Amino acid sequence: MRDNLIEKAKKVLLGNKKKGFTLPTNNKLYPAQWKWDSGFIALGYSHFKLKYALDEITTLLRGQWKDGMIPHILFHDLKTDYYPNHSVWNCGNKIHSSGITQPPVLAIMLKKILDKNKIKISDKLKIKSIVQKLKKYHDWLIKYRDPKNTGLVSILHPWESGYDNSPLWDYSMNEVKVEKNLKYKRGDNKVINPEYRPLDTDYDRYVTIKNHLRKNKYNPKNLYKTSMFNVVDVGFNSIFLRANKDLLELLKIFNLEHKSLQKFILKSENQIEKLYNEKKGVFTNYDIKNKKKIIVPSITNYFILFADLKNQSINKKIIKDLKNHNQNEKYLFSSIKPNYGKFEEKRYWRGPVWINCNWIIYQGLKNKDKKFANKIKEKTINLIKKKGFYEYYSFKTGEAFGASNFSWTASLFLDLVMEKKYN
Ligand code: GLC
């Protein structure tokens with residue numbers, strides 16, 4: 001049964017594969033290369049075809065901007081109905097792209113891939129060059145998204161988080177004044193049941209923020225101050241902290257400069273702890289634009305486990321809290337705590353189970369609470385076994401929503417079931 005599913009997972013990836021990169025799914029929903037999807041996809045390939053894993057990352061890095069930014073979407077195929085397409089973004093370096101980024105998972109994936117694969121001498125230079133480009137990207141995030149040197153970086157668009165319509169952004173999005181006479185045509189809700197997708201009111205704001213970024217020529221020097229959206233997110237910063245720790249190891253392997261990164265890691269570790277509200281026992285986001293603390297019981301707050309904080313007392317408290325995240329534990333984890341007022345069972349990032357979130361939390365828990373970690377792993381594998389390789393699922397019934405043949409679900413399934421081989 002498992003072997004059969006392993007073959008199926010590989011087929012999903014190979015079915016979505018184009019030349020040098022892989023689509024998030026094989027239908028019309030996402031006809032391009034997405035940044036964090038590619039990271040997860042590379043990890044999946046590394047279990048059966050290392051070349052495809054490295055190709056996936058190399059192609060993504062071909063689209064890196066001169067200043068170091070890695071865009072969240074690369075438009076390799078210009079003839080699609082996708083909105084917002086390449087002409088709407090109107091930017092890119094070598095490859096048409098979007099003008100914003102996505103969670104920095106690449107260094108983490110590369111480190112994982114190298115930890116379990118013997119690298120051929122002939123691949124060494126290729127990998128060194130990847131590491132150098134990732135360093136340039138991390139430097140870009142630090143320089144332009146944390147210009148005041150606080151140790152924490154901002155996102156300037158909800159799309160940068162990867163959890164687009166999460167209630168985490170509701171307050172900040174309400175503060176965005178929608179552009180007058182806004183004209184655009186969504187395609188996503190023609191392909192997928194609109195009940196499972198973000199609302200038009202969300203899209204109006206996504207497009208308004210994007211238009212403002214474009215008017216400012218995506219100039220990172222000004223946008224930190226002027227963007228209509230500027231939030232320090234716990235999830236994004238947890239991923240970045242983990243990625244910085246992994247990048248540090250990679251830089252050491254190749255004898256590359258790493259002093260400044262080491263300093264930034266220390267600062268981040270201290271600062272991220274300050275986002276923890278002792279009284280309420282929760283992590284809080286900070287909306288820089290509107291100077292507002294934001295508390296939403298999002299599963300992404302637990303990405304802090306993945307950052308491997310040295311502070312065991314915080315780790316312990318939040319593991320306890322995580323155990324209470326969904327009352328009904330049949331399917332883990334709802335992206336938003338089900339008793340939260342704005343939870344929605346089927347709507348995208350407002351409640352459904354996402355496999356990449358489970359995977360991130362599992363990785364974070366492995367060295368802290370093995371038993372709980374294994375439970376998450378088994379439940380995640382079983383959900384996929386039962387329902388297939390979908391984009392997201394109901395925490396109540398396991399019902400699958402969104403795209404079928406979803407690449408990162410297949411990839412992370414492979415990583416979970418094949419992990420034992422290497423331990
Ligand atoms: C959606 C998701 C984002 C993902 C992309 C492609 O925009 O919110 O996280 O990267 O689809 O799968």
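**The ligand and the cavities**

The ligand sits in the largest cavity of this predicted model.

Q: Which residues lie nearest the centre of the largest cavity?
A: The largest cavity has a volume of about 260 Å³. Its lining is made up of 21 residues. Those that lie nearest the centre are Y30, W34, Q102, D164 and Y348.

Q: How many nonpolar, polar and charged residues does the shell around the ligand have?
A: The residues around the ligand are P24, Y30, W34, W36, D37, Q102, G162, D164, Y348, W349, F406 and W408. Among them, D37 and D164 are Asp, and Asp counts as charged. By class, the shell has eight nonpolar, two polar and two charged residues.

Q: How far is a polar side-chain atom of D164 from an oxygen atom of the ligand?
A: D164 is one of the residues around the ligand. A pair of N or O atoms counts as a polar contact if the two are within 3.5 Å. For the polar side-chain atom of D164 and the ligand oxygen, the distance is 2.9 Å.

Q: Which elements give two or more residues to the lining of the second largest cavity?
A: A search of the whole structure finds three cavities of 30 Å³ or more. The second largest cavity holds about 120 Å³ of space, and its lining has 16 residues, with G99, W140, R145, Y218 and L223 nearest its centre. The elements that give two or more residues to this lining are α6 (121-145) and α11 (220-226).

Q: Which residues that line the second largest pocket are the closest to its centre?
A: The second largest pocket holds about 260 Å³ of space. Its lining has six nonpolar, four polar and four charged residues. Of the 14 residues in this lining, the closest to the centre are K28, L29, D81, Y82 and V191.

Terms used: Residues are numbered from 1 along each chain as its sequence is written. This is a predicted model: local features need pLDDT of at least 70, side-chain atom pairs count only at pLDDT 80 or more; totals for chains, interfaces and linings use all residues. Side-chain values use heavy atoms; hydrogens and water are left out. A residue is near a molecule or strand if one of its heavy atoms lies within 4 Å of it. A polar contact is a pair of N or O atoms within 3.5 Å; within protein, one must be able to donate a hydrogen and the other to accept it, and residues adjacent in sequence count only if both atoms are side-chain atoms. On a 1 Å grid over the protein atoms alone, a cavity is a set of points where a 1.4 Å probe fits but cannot get out, and a pocket is an open set with protein on both sides within 12 Å along at least five of seven lines; lining residues have an atom within 4 Å of a point. A molecule sits in a cavity or pocket if more than half of its atoms lie within 2 Å of its grid points. Grid points are joined across faces, edges and corners, and a volume is the space filled by probe spheres set on the points. Helices (H or I, at least four residues) and strands (E, at least two) are DSSP runs, numbered from the N terminus.
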